[in-house]
Amino acid sequence: MKTLLLSLKDVEQALSMEEVISAVEQGYISYNEGKVQQPDIVSMEMPENNGETDIKSCYNKLNESISVKIASGFYDNGKNNELPTMIGTILLFDGRNGAPLCIMDGSLITGIRTGAAGAISSKLLARKDSKVVAVFGAGGQARMQIYALCQVMNIQEIRVYSEYTEELPKYKEYVERNTKVKVIICDTPEQAMKDADIAISTTPSKKYLVDKSLVKPGTHIVAVGADMAGKNEWDPEIFKGAKIVNDSIAQCISRGETRNAIISGIIKESDIYAEIGELLLGNKPLRESDDEITIFDTTGMGIQDNVTAAQVYEIAKKKGLGKYFEFI
Ligand SMILES: NC(=O)c1ccc[n+]([C@@H]2O[C@H](COP(=O)([O-])OP(=O)(O)OC[C@H]3O[C@@H](n4cnc5c(N)ncnc54)[C@H](O)[C@@H]3O)[C@@H](O)[C@H]2O)c1
């Protein structure tokens, strides 16, 4: 049998944000309908190289495929070598017989499926008149989140803050070119949060960047960066009284921003309002007032990788992308 091999360039030609947003929505729904097996994430840390690796896997009954993604963040890459900070590979298998269907680059898929997750949450939970977005961090996710969000909402201003100020002019140029939305570089988290309707955090910080006093009523928060125990971008006090939505409650309480609020004793697990798939299924009300603070905590799920990789595989076959290899 033949296995398809897809490089980053091939994957790029087989992806569209619009299609990934609907695939991820379907993935979240399948998860909450019990059609997905998603084992615990396996994590490794390489502090001596400022690196971490996660293995996320999933069996999706709906498309009968099994996926395994090995994804790393090596945050010093690019300084002493030519490698990107985020690197990943996805293996896709036929769920009916275990045959290896495809091996593909997983870095862009991680970026896009995570951008899609944030956008889906804003569509569901942000105020409909949201226009100003605060972004923390100016790397890959800070780009993807904005790109995806601009597909689903009428955003008019982006206010970006990063502790690493040297990367901000490049970020501004990239986002303005790709979204046509004005980007304002901010010197402090306070400036970034001023007038923000939606606030998105995308750093691997271990010390929170945004204090509770900076979050005004009605804000929708998308917490992306904290996907491993020890990471923290938001003052845990913000969770008190907020409408808290997780991608997976099991994952967010063991490794997400929600974990920080629980271990600080600010909330209990029972204070988590819902998983996002429940909202997509219409099982619970969405935002209930203009003053509510809503929080979407995403740690990234195997099902997001699965549905996106399966979509890439189908499109790549149609477009004749990649090369075949015979393992068996
Ligand atoms: N939730 C998910 O599904 C998901 C998916 C992808 C990435 N992530 C996480 O999001 C974060 C960012 O990923 P990325 O792909 O944008 O990485 P990136 O390396 O492209 O960007 C990281 C950004 O954070 C800044 N930064 C680095 N260390 C920092 C620190 N200690 N304090 C404050 N800022 C710091 C960098 O300057 C940069 O702006 C990581 O923690 C990653 O694990 C989560």
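The legends below describe close-up views of a predicted model. Local features need pLDDT of at least 70, side-chain atom pairs count only at pLDDT 80 or more, and totals for chains, interfaces and linings use all residues. Residues are numbered from 1 along each chain as its sequence is written, and side-chain values use heavy atoms, with hydrogens and water left out.

**View 1. The shell of residues around the ligand.** Six residues of the shell are nonpolar (Ala, Val, Leu, Ile, Met, Phe, Trp, Tyr, Cys and Pro), five are charged (Asp, Glu, Lys and Arg) and 14 are polar (the others, Gly among them). Helix 3 (107–125) and helix 4 (140–152) each supply at least two residues of this shell; helices (H or I, at least four residues) and strands (E, at least two) are DSSP runs, numbered from the N terminus. The largest share, three residues, comes from helix 3. Because domain 1 (2–109 + 303–326) and domain 2 (122–300) both give residues to the shell, the ligand lies between them; the domain bounds come from an automatic or database domain assignment.

**View 2. Thr203 in the loop between strand 11 (198–201) and strand 12 (220–223).** Thr203 counts as buried because its relative accessibility is 15%, where buried means under 20% relative accessible area, exposed over 50% and partly exposed in between (1.4 Å probe, protein chains only). A polar side-chain atom of Thr203 lies 3.1 Å from the backbone nitrogen of Ser205. Not counting residues up to four places away in sequence, Thr203 touches Phe136, Gly137, Leu209, Gly225, Ala226 and Glu233, contact meaning heavy atoms within 4.5 Å.

**View 3. Positive phi at Glu64 and Lys180.** Most residues other than glycine have a negative phi. Phi of Glu64 is near 50°, and that of Lys180 is near 65°. Glu64, in the loop between strand 4 (51–60) and strand 5 (65–74), is partly exposed at 35% relative accessible area. Lys180, in the loop between helix 5 (168–179) and strand 10 (182–185), is exposed at 70%.

Conventions
Near = heavy atom within 4 Å. Polar contact = N/O pair within 3.5 Å; in protein donor to acceptor, adjacent residues only side chain to side chain.
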